[in-house]
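Keep the structure open beside you as you read.

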Amino acid sequence: MVAVHPAPLPFVGDEDSSKRRQILDGASKVFMDLGFDGASMGEIARAAGVSKGTLYVYFADKNRLFEAIVERETLDQQKMAFNFDPERDVATTLREFGQAYIALLCRPGGGSAIRTVMAIAERMPEVGRRYYEQVLEKTIDRLAGYLEAHVGPADLAIEDCQLAASQFMLMCQASLFLPFIFQAAPAPSAERMAQVIESATQMFLAAYRSKSA
């Protein structure tokens, strides 16, 4: 059973950080290949190129190791800098955000992390909930805050900016994310992403642009 409030990971030096990354990389591959139930600490140790003793120095068990993989993915996504400067015009901001957002979701390796979290969320709901709150919900909040700054007679007419932000993000995913995440199609091309994002932007503005703008 996963603790609701797991203890923070201890500070480690450069050498330990490198070893920890090595273990997480190996564990990520094993979890994706064998699933959470099929993965063993012995198999993870072999994939990471470390002894089981070394593995247990860094991670007490398989649950904590999996949580660390999710934490790493969360930090990687939080580093993505979306430009939500309220002084920027809406159309440009939406297009650039949409491109960056889909490129992040469909980046090499990104799908594997998301698939892994989705697969384990029922068994470890706190992990799935934390991923949603720290990654997806925070992105929705930031976009909603930007939209709120543009609500007015000369710009946007939106009653629920949280809903509008979620709608735009899902429109950006249309025909791109689900085929990729279920491995029905490769990562979309830059041209295809631009086409879908432009369509999403135009649909969003058609629905929410102020009639007096």
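Let's begin where helix 5 meets helix 7: Val90, Thr93, Leu94, Phe97 and Tyr101 in helix 5 touch Leu136, Thr139, Leu143 and Tyr146 in helix 7. Sorted by class, this contact holds seven nonpolar and two polar residues, and no charged residues. Do keep in mind that this is a predicted model.

How do the two helices run relative to each other, parallel or antiparallel? The axes of helix 5 (residues 90-105) and helix 7 cross at roughly 170° and come within 12 Å. An angle over 145 degrees counts as roughly antiparallel, and helix 5 and helix 7 are therefore roughly antiparallel to each other.

Helix 7 (residues 125-149) also packs with helix 4 (residues 62-78), here at an angle of about 5° and with the axes 10 Å apart. Helix 4 and helix 7 are therefore roughly parallel. On the helix 4 side, the residues in contact include Phe66, Glu67, Val70 and Glu71, while those of helix 7 include Val127, Arg130, Tyr131 and Lys138. By class, the contact of helix 4 with helix 7 has five nonpolar, four polar and five charged residues.

Now for the rings. The whole structure has 11 aromatic pairs, and two of them are set out below.

| Pair | Distance between ring centres | Angle between planes | Geometry |
|---|---|---|---|
| Phe31 and Phe66 | 5.2 Å | 90° | edge-to-face |
| Phe84 and Phe97 | 5.3 Å | 45° | tilted |

Phe31 belongs to helix 1 and Phe66 to helix 4, so this pair links distant parts of the chain, 35 residues apart. Phe31 counts as buried at 4% relative accessibility, and Phe66 counts as buried at 1%.

In the other pair, Phe84 lies in the loop between helix 4 and helix 5, and Phe97 in helix 5, so the pair ties together parts that are 13 residues apart in sequence. Phe84 is buried, with a relative accessible area of 14%, and Phe97 is buried at 3%.

The charged end of Lys62 sits over the ring of Phe36, 4.6 Å from its centre, and the charged end of Arg115 sits over the ring of Phe180, 5.6 Å from its centre.

One last stop is Val30 in helix 1 (residues 14-38). Val30 is buried, with a relative accessible area of 5%, and among its contacts are Ile44 and Ala47. Val30 and Ala47 are 17 residues apart in sequence and 7.1 Å apart in space, C-alpha to C-alpha.

Key:
Residues numbered from 1 in each chain as written. Predicted model: local features only at pLDDT ≥ 70, side-chain atom pairs only at ≥ 80, totals over all residues. Heavy atoms only, no water. Helix = DSSP H or I, 4+ residues; strand = E, 2+ residues; numbered from the N terminus. Buried < 20%, exposed > 50% of the residue type's maximum accessible area, 1.4 Å probe, protein only. Contact = heavy atoms within 4.5 Å. Axes fitted to C-alpha atoms, helices over the stretch in contact; angles between N-to-C directions. Parallel < 35°, antiparallel > 145°, perpendicular 65-115°, else oblique. Nonpolar A, V, L, I, M, F, W, Y, C, P; charged D, E, K, R; others polar. Phe/Tyr/Trp six-rings, centres within 6.5 Å; stacked < 30°, edge-to-face > 60°. Lys NZ or Arg CZ within 6 Å of the ring centre and 35° of its normal. Lists of a residue's contacts leave out its neighbours within four places in sequence.
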